[in-house]
Amino acid sequence: MGLQDKVMEQMKVAMKGKDKVALESLRAIKSALLLAQTEAGSGDGLSETEEVKLVQKLVKQRKDSAAIFLDQGRSDLAEPELAQVAVIEQFLPAQLDDAEIEKAVVAAIATTGAEGMKDMGKVMGVVSKQLAGQADGKTISTIVKSKLA
C-alpha cells in the first residue's frame, strides 16, 4: 500500500472521529503528494524515497514554525503545529537515535578517509544517502562536525 493510500485510509478514520488536527495534517500530506505528482517530469508517480523526503519536508516546516512561535512566546500557535508533526511523523520510517547515527558517521569517516572539516561534504554525502529518511540532516551534520573537529 502506497503512501497516498495510507493517507486516504487515515483521512477516513479522522473524518469519522472528527479529529480536526489529524484531518488537517493528512490533507497537507495529500496536497503535497498531488502537487509533486503533477509537477512536470514526475512521470508515473513518486518513488518511496521521494515520498519520504516530501513527508520529512512537511515535518521540518512545522517544527520550524513551532520554534518561531515559541521564540515569540506564542505557544497557542506552536501547539497545533507540534500536534500536526506528531500526525505526519507516522508516515516516516523509524528514526535512528544519536548512537546509531554516530556509528554510521564513524564508519563513513573511516571509508572516506576524512581527516578534518575540509572533508565534511564527503562524509555528509555518504551518511545522508545511507540514512535517508531515518535521520534528520541537522542531527547528522552536528555529529559529523563533532567527529571531524
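User: What's the relative accessible area of Lys12?
Analyst: Lys12 comes out at 46%, so it counts as partly exposed. Here buried means under 20% relative accessible area, exposed means over 50%, and partly exposed is what falls in between, with a 1.4 Å probe and protein chains only.

User: What sort of model and conventions am I looking at?
Analyst: This is a predicted model, in which local features need pLDDT of at least 70 and side-chain atom pairs count only at pLDDT 80 or more, while totals for chains, interfaces and linings use all residues. Residues are numbered from 1 along each chain as its sequence is written, and side-chain values use heavy atoms, with hydrogens and water left out.

User: Back to Lys12. Which side chain does it meet in a salt bridge?
Analyst: Lys12 pairs with Glu9, at 3.9 Å from N to O. A salt bridge here is a side-chain nitrogen of Lys or Arg within 4 Å of a carboxyl oxygen of Asp or Glu. Both residues sit in helix 1 (residues 3–16), 3 residues apart, which is about one turn of the helix. Helices (H or I, at least four residues) and strands (E, at least two) are DSSP runs, numbered from the N terminus. Glu9 is partly exposed too, at 41% relative accessibility.

User: Why would such side chains pair at all?
Analyst: Side chains of opposite charge can pair when their charged atoms come close.

User: How many salt bridges in total?
Analyst: The count is 7. One of them joins Glu89 and Lys63, at 3.4 Å from N to O. Glu89 is in the loop between helix 4 (75–88) and helix 5 (98–112), and Lys63 is in helix 3 (residues 48–71), so this pair ties together parts 26 residues apart in sequence. Glu89 is partly exposed at 34%, and Lys63 is partly exposed at 42%.

User: What about Glu102 and Lys147?
Analyst: Their side chains form a salt bridge at 2.8 Å, N to O. That pair links distant parts of the chain, with Glu102 in helix 5 and Lys147 in helix 7 (residues 137–148), 45 residues apart. Glu102 has 34% relative accessibility and is partly exposed; Lys147 is partly exposed at 37%.

User: What does Val105 touch?
Analyst: Leaving out residues up to four places away in sequence, Val105 touches Val123, Val127, Ile143, Val144 and Lys147, where contact means heavy atoms within 4.5 Å.

User: Changing topic, what's the volume of the largest pocket?
Analyst: About 650 Å³. On a 1 Å grid over the protein atoms alone, a pocket is an open set of points with protein on both sides within 12 Å along at least five of seven lines, and lining residues have an atom within 4 Å of a point. Grid points are joined across faces, edges and corners, and the volume is the space filled by probe spheres (1.4 Å) set on the points.

User: Which residues are nearest its centre?
Analyst: Of the 26 lining residues, Gln56, Ala135, Asp136, Gly137 and Lys138 lie nearest the centre of the largest pocket. Helix 3, helix 5 and helix 7 each give two or more residues to that lining, and helix 3 gives the most, with 9.

User: And the second largest pocket: how much space?
Analyst: About 310 Å³. It is lined by 15 residues, with Glu48, Glu51, Val52, Phe91 and Pro93 closest to the centre. Helix 1 and helix 3 are the elements that give two or more residues to this lining. Helix 3 again gives the most, here 4 residues.

User: Last one, what's the overall make-up of the chain?
Analyst: The chain has 7 helices and 0 strands. Its C-alpha trace spans about 55 × 45 × 25 Å along the principal axes. Of the 149 residues, 34% count as buried.
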